[in-house]
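Subject: Structure handover

Hello,

Please find the structure below, followed by notes on what was found in it.

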Amino acid sequence: MPLHRLLLLRHAEAVPHGLTQDGDRSRALTSRGFEQAASIGRQLATLDLPGPLQILYSPAIRTRQTAQGVMDMLNQATAFSVEDSLYPATPDTLYGLVHGTSETVRTLLIVGHNPTIGEFACDLLGPALQNTHFSTLYRGYPLAGLTILDVPGHWLDVRPSTIQPATLLLP
């Protein structure tokens with residue numbers, strides 16, 4: 001049975017809502033946000049991520065910049081895709097995206113927004129939230145937080161009972 005990796009990343013720190021004229025989707029990362037994305041990328045570079053890797057990110061500028069900042073630190077061919085449904089997403093939306101992923105993709109990175117990324121991660125983690133690696137999620141899903149989950153089967157079978165929690169990376 002193939003091993004897949006599911007990576008759930010909340011975007012890095014962005015400028016406050018009031019500092020953009022074009023609305024929430026146009027909020028860009030701050031200099032700290034770019035540093036956070038690079039930090040997560042450097043940490044990911046030390047892991048053995050099975051390829052090929054696919055990244056899905058919402059149409060918000062801050063998610064694209066976060067995804068790019070992470071990937072700039074990796075030496076791995078990656079398919080980037082903007083996924084419009086990630087902006088107004090619910091956990092059910094994320095389940096649908098994961099379940100619809102091609103079996104040829106071995107690592108799937110979803111870059112999105114809170115509260116959905118946090119709710120989805122917590123739903124999948126279930127009892128593993130008691131583990132010290134994940135207990136910080138009880139206080140909210142941190143900016144540029146990345147939950148790594150192993151999927152010892154098919155994408156279509158992803159649910160809380162079928163994943164194996166790996167770790168939580170923080171910038």
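The side chains of Arg 32 and Glu 13 form a salt bridge, with N to O at 3.1 Å. A salt bridge here is a side-chain nitrogen of Lys or Arg within 4 Å of a carboxyl oxygen of Asp or Glu. Arg 32 belongs to helix H1 and Glu 13 to the loop between S1 and H1, so the pair ties together parts that are 19 residues apart in sequence. Helices (H or I, at least four residues) and strands (E, at least two) are DSSP runs, numbered from the N terminus. Arg 32 is partly exposed, its relative accessible area being 47%. For these classes, buried means under 20% relative accessible area, exposed over 50%, and partly exposed in between (1.4 Å probe, protein chains only).

Before the rest, two notes on the source. This is a predicted model, in which local features need pLDDT of at least 70 and side-chain atom pairs count only at pLDDT 80 or more, while totals for chains, interfaces and linings use all residues. Residues are numbered from 1 along each chain as its sequence is written, and side-chain values use heavy atoms, with hydrogens and water left out.

The count of salt bridges comes to four. Among them, Arg 27 pairs with Asp 24 (2.9 Å, N to O), and Arg 62 also pairs with Asp 24 (2.9 Å, N to O). Arg 62 lies in helix H2 and Asp 24 in the loop between S1 and H1, so this pair ties together parts that are 38 residues apart in sequence. Arg 62 is buried at a relative accessible area of 3%, Arg 27 is buried at 9%, and Asp 24 is partly exposed at 22%.

Helix H2 covers residues 61-71 and is mostly covered, with eight of its eleven residues buried. Besides Arg 62, the buried residues of H2 are Thr 63, Gln 65, Thr 66, Ala 67, Gly 69, Val 70 and Met 71. What covers them includes S1, helix H1 (31-45), strand S2 (53-57), strand S3 (78-82) and S4.

Next, the packing of two other helices. The axes of H3 (residues 91-99) and H4 (residues 116-125) come within 9 Å and cross at roughly 70°. Axes are lines fitted to C-alpha atoms, for helices over the stretch in contact, and angles run from 0 to 180 degrees between N-to-C directions. That makes H3 roughly perpendicular to H4, a term used for angles of 65 to 115 degrees. The contact (heavy atoms within 4.5 Å) is made by Pro 91, Leu 94, Tyr 95 and Val 98 of H3 and by Thr 116, Ile 117, Glu 119, Phe 120, Asp 123 and Leu 124 of H4.

H4 is mostly covered too: seven of its ten residues are buried. These are Thr 116, Ile 117, Gly 118, Phe 120, Ala 121, Leu 124 and Leu 125. Their cover includes strand S1 (4-10), H3, strand S4 (107-112), strand S5 (146-151) and strand S6 (164-169). After H4 comes Gly 126, with a positive phi near 50°.

Regards

Methods: Parallel < 35°, antiparallel > 145°, perpendicular 65-115°, else oblique.
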